[in-house]
Amino acid sequence: MTTSPRPRLIATDLDGTLLCTGGSVSERTAAVLLEAERAGIRVVFVTGRPPRWMTQLSAHIGGHGVAICSNGGAVVDVRRGELLESFPLPVADVLAVVTALRAELPGTAFAFEYPGGFAREPGYELRMWGSDEDHAVAPAEELLGDGRVAGLFKLLAKHPELDPDVFLARARVVAGGLAEITRSSPVALLEISARGVTKASTLARWCAEQGIDRSEVVAFGDMPNDLEMLAWAGRSYAVANAHPQVLAAVAQHTVRNDEDGVAAVIETLL
């Protein structure tokens, strides 16, 4: 890698990109993030994670404290635990997506990320962090109808058998006009946001508010939910362990997340 002009902003995905396998921040990466902030380069985490999964990363988030969560659906001040802005899905669109995916892909079950927390259908199996947290469990129509998931900024859809990429492709065919549908998990799990809401759209909005041009942004990612952000930023890098679609779409690559691929590039920018 060669030295490049210093950016004003580093926008990085977390899981599979900045974080090591298991979700930790390596000592090298932590030190480089701190050095970047001291050099006047803002670092913004742009992640599919919901706000409730961000608190353990507050030490690495920089002086601004801001993270873009849920694939652009929520902007959060992590240190204060405050939702600064969100872009909710209209209830009518959510119901239409649920109906379409159930009809086309039987066995699909749904879960809901909203300002108050998390809720799921009985058939939505939990295998990730937070599975022991208290949350509502009911059919989608009931959760949406009684307002328990008001302000929903991410709908999750899981299938027990389909290949993840096949699930995404088929879902986009039947419901892609209703919402933004993407994925970042190794299992058949779709992440669904309001129409027009992506990591790129919310990052662009935040950068405009800060007076930062896209040409001054360096972005990092590894999965399909990063593609719009990687295409928007002035410079972008895919980690070596990225999804094949991301590796093909992004010209510049760095080493794997477990080899501190993001830190390796930032070191050349300082």
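Reply: Begin with Asp-260, found in the loop between strand S14 (252–254) and helix H9 (261–269). Helices (H or I, at least four residues) and strands (E, at least two) are DSSP runs, numbered from the N terminus. This is a predicted model, in which local features need pLDDT of at least 70, side-chain atom pairs count only at pLDDT 80 or more, and totals for chains, interfaces and linings use all residues. Residues are numbered from 1 along each chain as its sequence is written, and side-chain values use heavy atoms, without hydrogens and water.

Me: What is the phi of Asp-260?

Reply: Phi of Asp-260 is near 60°, a positive value in a residue other than glycine. Ser-70, in the loop between strand S3 (66–69) and S4, likewise has a positive phi, near 50°.

Me: Is Ser-70 buried or exposed?

Reply: Buried means under 20% relative accessible area, with a 1.4 Å probe and protein chains only. Ser-70 is buried because its relative accessible area is 0%; Asp-260, at 12%, is buried too.

Me: In what order do the strands of the open sheet of 6 strands lie?

Reply: Two strands pair if DSSP finds at least two bridges between them. Here the order is S8-S7-S6-S9-S11-S10, with mixed pairing. Strand S8 (136–137) and strand S10 (180–182) are the edge strands, each pairing on one side only.

Me: How many bridges join strand S9 to strand S11?

Reply: There are 4 bridges between S9 (residues 154–158) and S11 (residues 189–193), and the two run antiparallel. Leu-155 stands opposite Ile-192 in S11.

Terms used:
Buried < 20%, exposed > 50% of the residue type's maximum accessible area, 1.4 Å probe, protein only.
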